[in-house]
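This report describes a ligand site and several individual residues. The structure is shown first, and the description follows.

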Amino acid sequence: MSESQLSRLDRAHASIAHRAGPPAEIAIMLGSGLGHLADAVQGATVIPYAEIAGFPLSTAPSHKGQLVIGSLFGRRAVVMQGRLHLYEGWAPRDISLAVYLLKRLGSNSLIVTNAAGGLNPDYRPGDVMLIEDHLNFTGFNPLVGPNDDAIGLRFPDMSRAYDPDLLELAAEAADRTLQPVHRGIYAGILGPSLETSAERRFLRAAGGDAVGMSTVTEVIAAVHAGLRVVGLSAITNAATGGPDQQPDTVEEVLANAAICGDKIEAILRELLPVLPQRMS
Ligand code: HPA
């Protein structure tokens, strides 16, 4: 029988616990083109994924593949610089392992960022969206298989996956930066091909405001483990699938992610200091 998630987690944690320092309060996952946020971490301890026992290695373009642990905007944070995506071939359980490790390192909340296409015709490349909820169109769920009761429930409730109180704090933080932000629904797809125009119209009709290839797997795992989640999407391209739909390029996505990255950094600078210390 394959090794349990709990045993993998114990092993991963044991391999780095002596280097991780005091417990982190907040975990942050950085999306495509948003990795430079990790440079703002002070007194950073950097742990490459390759040095974490049993940990997958990120191969996505512009993703580094390391944990950066230190002080970020006054809070002790662990930053995952380099996301793991299903489209790279990782099993959903490889991705949830990373989330559980962030929790084990002390975090009680998880901030997820991602690059996403704008399904909503009111969204422009360079805009930021606070994630209210998600649609999981990946076809995968990281909790399939035996449940580790020590990690979470067999059937976790997902009705408030993105913590409404933290969403309000994020909206207030964005207000203080004078950044207008959207609030919307993130549709997660498997990738790596982008959606057809018909698929984009379908996702819009299904209630999606933005579409991307990450986040939903991590958020399911985070809710399972009892982490409070805040999500921010960098809208990197227009993805309405309408008659004026332009072809998308990775260059355009990364250039707009950089613009959004500055906005997201400004929002996090305001948000982190007011995130609750403990689970309420
Ligand atoms: N679709 C899926 N993922 C994405 C997109 C998109 O249009 N833009 C950035 N990530």
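This is a predicted model: local features need pLDDT of at least 70, side-chain atom pairs count only at pLDDT 80 or more; totals for chains, interfaces and linings use all residues.

Asn237 contributes through its side chain, with a polar atom 2.7 Å from a nitrogen atom of the ligand.

On its own, the ligand has 260 Å² of accessible area, and the protein covers 94% of this.

## Composition of the ligand shell

Strand E5 (109-118), E8 and strand E9 (228-238) are the elements that each give two or more residues to the shell around the ligand. E5 supplies the largest share, with three residues.

The surrounding residues are Ala115, Ala116, Gly117, Leu194, Glu195, Arg200, Val211, Gly212, Met213, Thr236, Asn237 and Ala239.

## Thr215

Thr215 is located in the loop that runs between strand E8 (210-212) and helix H5 (216-225). Its relative accessibility is 0%, and Thr215 therefore counts as buried, the limit for that class being under 20%.

The side chain of Thr215 forms a polar contact with the side chain of Asn114, at 2.8 Å. Asn114 is also one of the residues that Thr215 touches when those up to four places away in sequence are not counted; the others are Arg83, Val112, Ile131, Tyr162 and Tyr186.

## Thr196

Is Thr196 buried or partly exposed? Thr196 is partly exposed, because its relative accessible area is 41%, and that class lies between 20% and 50%.

Thr196 and Gly241 are separated by 45 residues in sequence, while their C-alpha atoms are 7.4 Å apart in space.

## Val68

Val68 belongs to strand E3 (residues 66-72). With a relative accessible area of 3%, Val68 is buried. Apart from neighbours within four places in sequence, Val68 is in contact with Ala38, Val41, Ala44, Thr45, Val46, Ala77, Val78, Val79 and Gln81.

Between the C-alpha atoms of Val68 and Thr240 the separation is 36 Å, and the two residues are 172 residues apart along the chain.

Definitions and conventions
Residues are numbered from 1 along each chain as its sequence is written. Side-chain values use heavy atoms; hydrogens and water are left out. Helices (H or I, at least four residues) and strands (E, at least two) are DSSP runs, numbered from the N terminus. Buried means under 20% relative accessible area, exposed over 50%, partly exposed in between (1.4 Å probe, protein chains only). A polar contact is a pair of N or O atoms within 3.5 Å; within protein, one must be able to donate a hydrogen and the other to accept it, and residues adjacent in sequence count only if both atoms are side-chain atoms. Contact means heavy atoms within 4.5 Å. A residue is near a molecule or strand if one of its heavy atoms lies within 4 Å of it. Accessible areas come from the Shrake-Rupley method with a 1.4 Å probe; for residues, only the protein chains shown count as cover.
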